[in-house]
Amino acid sequence: IEKVNPIAVPFGSLIIHTTFYKIFGFYGLILVDFFGIFLFLLIFFKIFSFFNNNQNALFYALLLFGIPLLINYFFANYNEIPFIQFKNFFTLRVHRPFPSNLYFFSFILLTIYMCQTNFFEKKYFFLTGLLMGLSLSSFYYYFVTEFLIFFFCIIFLFKKKTINILLKNYVSVIILIITFCLISSPFIMNMLIAEKDLLITGGVFELTSEKRFILLKYYFAKFFDLKLLSLNFIIFLTIYLVNKYKV
């Protein structure tokens with residue numbers, strides 16, 4: 001092999017570790033773990049603080065951090081155990097779930113702030129574009145989820161006035177788009193020039209009509225799975241009852 005293109009790297013997932021390593025050397029790899037743990041606890045403390053007092057919020061945040069560690073410790077070799085995937089909710093494994101999951105959790109926290117304050121605040125749209133760009137360049141499934149959450153939040157909040165509200169706040173929308181494009185551009189450029197053979201080994205392949213049909217069939221089977229539908233029904237029913245009977 002005389003010439004190969006650059007390897008494809010998850011830019012958004014490596015930027016934090018790279019920055020700490022460049023500044024502090026090998027000690028930075030220790031510091032970045034403390035930073036990740038602190039940020040996780042802070043995010044969920046803030047999220048739970050919307051619904052509980054500070055003591056309970058801190059307890060729930062610590063509980064969420066501890067459960068995956070306990071699952072990893074006791075059931076590391078038993079993948080058939082129900083809900084075993086929760087062990088990946090957050091750990092310090094690079095690049096996923098740290099920091100890709102933290103981007104997603106930060107987006108959830110930001111969305112809550114936006115829904116309870118001025119939704120079209122320019123700084124919120126800047127942060128939204130930042131987190132979406134980082135999510136796309138680390139774990140794009142989270143980017144798709146974030147986009148859908150953001151889209152449905154706007155529809156839910158403003159309903160028939162959505163288009164008019166977006167046009168009225170076009171500056172915030174432009175800030176989001178520009179921020180997202182700038183943050184995700186290194187990853188997109190890297191993917192365009194990356195070594196094709198390496199991309200194939202990572203599961204990237206050309207979508208033919210036959211493969212599209214197989215993927216659509218698979219996703220429809222998953223989305224209409226009885227267990228998933230039952231879980232979603234319970235979640236929506238709980239949300240409905242809580243909002244209906246809350247004091």
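Student: Leaving aside its neighbours within four places in sequence, which residues is Val9 in contact with?
Tutor: A contact here means heavy atoms within 4.5 Å. Val9 lies in the segment before α1 and is partly exposed, at a relative accessible area of 30%. Buried is under 20% relative accessible area, exposed is over 50%, and partly exposed is in between (1.4 Å probe, protein chains only). Skipping those sequence neighbours, Val9 is in contact with Leu14, Phe187 and Asn190.

Student: What kind of model is this, and how are residues numbered?
Tutor: It's a predicted model, where local features need pLDDT of at least 70, side-chain atom pairs count only at pLDDT 80 or more, and totals for chains, interfaces and linings use all residues. Side-chain values use heavy atoms, with hydrogens and water left out, and residues are numbered along each chain as its sequence is written, from 1.

Student: How far apart are the C-alpha atoms of Val9 and Asn190?
Tutor: Along the chain, these two are 181 residues apart. Their C-alpha atoms are separated by 7.5 Å.

Student: And what about Ile23 and Lys196, how far apart are their C-alpha atoms?
Tutor: Ile23 sits in helix α1 (residues 11-24) and is exposed, with a relative accessible area of 57%. Ile23 and Lys196 are 173 residues apart along the chain, and their C-alpha atoms are separated by 33 Å.

Student: How many helices and strands does the chain have?
Tutor: Helices (H or I, at least four residues) and strands (E, at least two) are DSSP runs, numbered from the N terminus. Counted that way, the chain has 11 helices and zero strands.

Student: Where do the buried residues of α6 fall when you look down its axis?
Tutor: Helix α6 covers residues 140-158, and its buried residues are Tyr142, Phe143, Glu146, Phe150, Cys153 and Ile154. Take the directions from the helix axis to the C-beta atoms: those of the buried residues fall within an arc of 105°, so they line one face of the helix.

Student: Are α4 and α6 roughly parallel or roughly antiparallel to each other?
Tutor: Axes are lines fitted to C-alpha atoms, for helices over the stretch in contact, and angles run from 0 to 180 degrees between N-to-C directions. The two helices pack at about 5°, with axes 10 Å apart. Angles under 35 degrees count as roughly parallel, over 145 as roughly antiparallel, 65 to 115 as roughly perpendicular and the rest as oblique. α4 and α6 are therefore roughly parallel.

Methods. The expected span of a helix is 1.5 Å times one less than its number of residues.
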